[in-house]
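Please work through each task before reading its solution.

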Amino acid sequence: MTYRELCRYGEAFLNESDIKDYKMDAWLLMEYVTGFDRTAYFMRADEAIEENQKAKYLELLRQRGKRIPLQHLTKEQEFMGLKFKVNEHVLIPRQDTEILVDTAITVLEKKMQEKALKGQISKEDMNLTVLDMCTGSGCIPISIEKMLEQTYGANKLSLAMGVDISAKALQVARENGAMLKAKTKWTKSDLFTEVEGTFDVITSNPPYIRTAVIEELEEEVRLHDPRIALDGKEDGLYFYRRIVNECVPFLKENGWILFEIGHDQAEDVSAVLRQNGFTHIGVKKDLAGLDRVVFAMYNSQEK
């Protein structure tokens, strides 16, 4: 059997297994097993596949057909152009969350400009701090750090910290930080209980799925994402309320908080922020045109 024939078999198998992106998944498993990029694949597509590669590919197809997430099979997921390690202990990074990272970078760049104009700090040492709550794989703080580094040629954060209650999730985050040479620090904490210091920006993609809705999610999410990373309690707003209620002592004056939200939660999360003295509340949409990020500033003088 050639590489092309096996890949086509994979497409047919996954299609029959009702895998939505069956063509893409069949290719990504082929890429994972062989190490080929598209160019190498097309150059060798009609060569006979090695038996050990064929056996591994067929086994991965079988597992994917059982709705095990592709990323749990390949052990990685691309996010913001970076590859992150993932497993069953962390939420798989999703494209929607890139909107949160992009918005956080915009806020940080604005703060850099404001501080430089006021002469508070030099352009070489912006001394900005970021805290990511419910960090999971660490993709948010690591990506913020690395994107700023790519843009400005140096790390513009004096501190990036990721916090999670799960020790197993934090182990994944640490491994990602080491793999991507990030300086992000990691803290095991029930939200802010073990956090010290103040931050210019707090980000969070907290659990926000309503408990009753979890059983309606697709199998890949319902059975394989950690429930602790999904369950936002009865109305999906439990962690937004807790974070907003507890975060003010950890925000610098004119500090910002940014949340990823469910598509129907912008109004409710904005109300929670407004009731707790936050101003300059805004909403960003994702590529599908759905509400995806809510952000707000805290200024004690504007309460």
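A crossing is left-handed if the near helix is turned anticlockwise from the far one by less than a right angle, and right-handed if clockwise. Helices (H or I, at least four residues) and strands (E, at least two) are DSSP runs numbered from the N terminus. The model is predicted, with local features requiring pLDDT of at least 70 and side-chain atom pairs pLDDT 80 or more, whereas totals for chains, interfaces and linings use all residues. Residues are numbered from 1 along each chain as its sequence is written, and side-chain values use heavy atoms, without hydrogens and water.

**Exercise 1. Describe the packing of H6 against H7.**

Step 1. The axes (lines fitted to C-alpha atoms, for helices over the stretch in contact; angles run from 0 to 180 degrees between N-to-C directions) of H6 and H7 come within 10 Å and cross at roughly 50°.

Step 2. H6 and H7 are therefore oblique to each other; angles under 35 degrees count as roughly parallel, over 145 as roughly antiparallel, 65 to 115 as roughly perpendicular and the rest as oblique.

Step 3. The crossing of H6 with H7 is right-handed.

Step 4. Contact means heavy atoms within 4.5 Å. On the H6 side the residues include Leu-100, Ala-104 and Leu-108, and on the H7 side they include Ile-140, Ile-144 and Leu-148.

Step 5. The residues of this contact comprise 11 nonpolar, three polar and one charged. Here Ala, Val, Leu, Ile, Met, Phe, Trp, Tyr, Cys and Pro count as nonpolar, Asp, Glu, Lys and Arg as charged, and the others, Gly among them, as polar.

**Exercise 2. Which residues of the largest nonpolar core touch the most other members?**

Step 1. A nonpolar core is a set of buried (under 20% relative accessible area; exposed is over 50%, partly exposed in between; 1.4 Å probe, protein chains only) Ala, Val, Leu, Ile, Met, Phe, Trp, Tyr and Cys residues joined through side-chain atoms within 4.5 Å.

Step 2. Of the 33 residues, Leu-108, Ile-144, Leu-157 and Leu-258 touch the most other members.

Step 3. H6 supplies the largest share, eight residues.

Step 4. Beyond its neighbours within four places in sequence, Leu-108 is in contact with residues including Val-130, Ile-144 and Leu-157.
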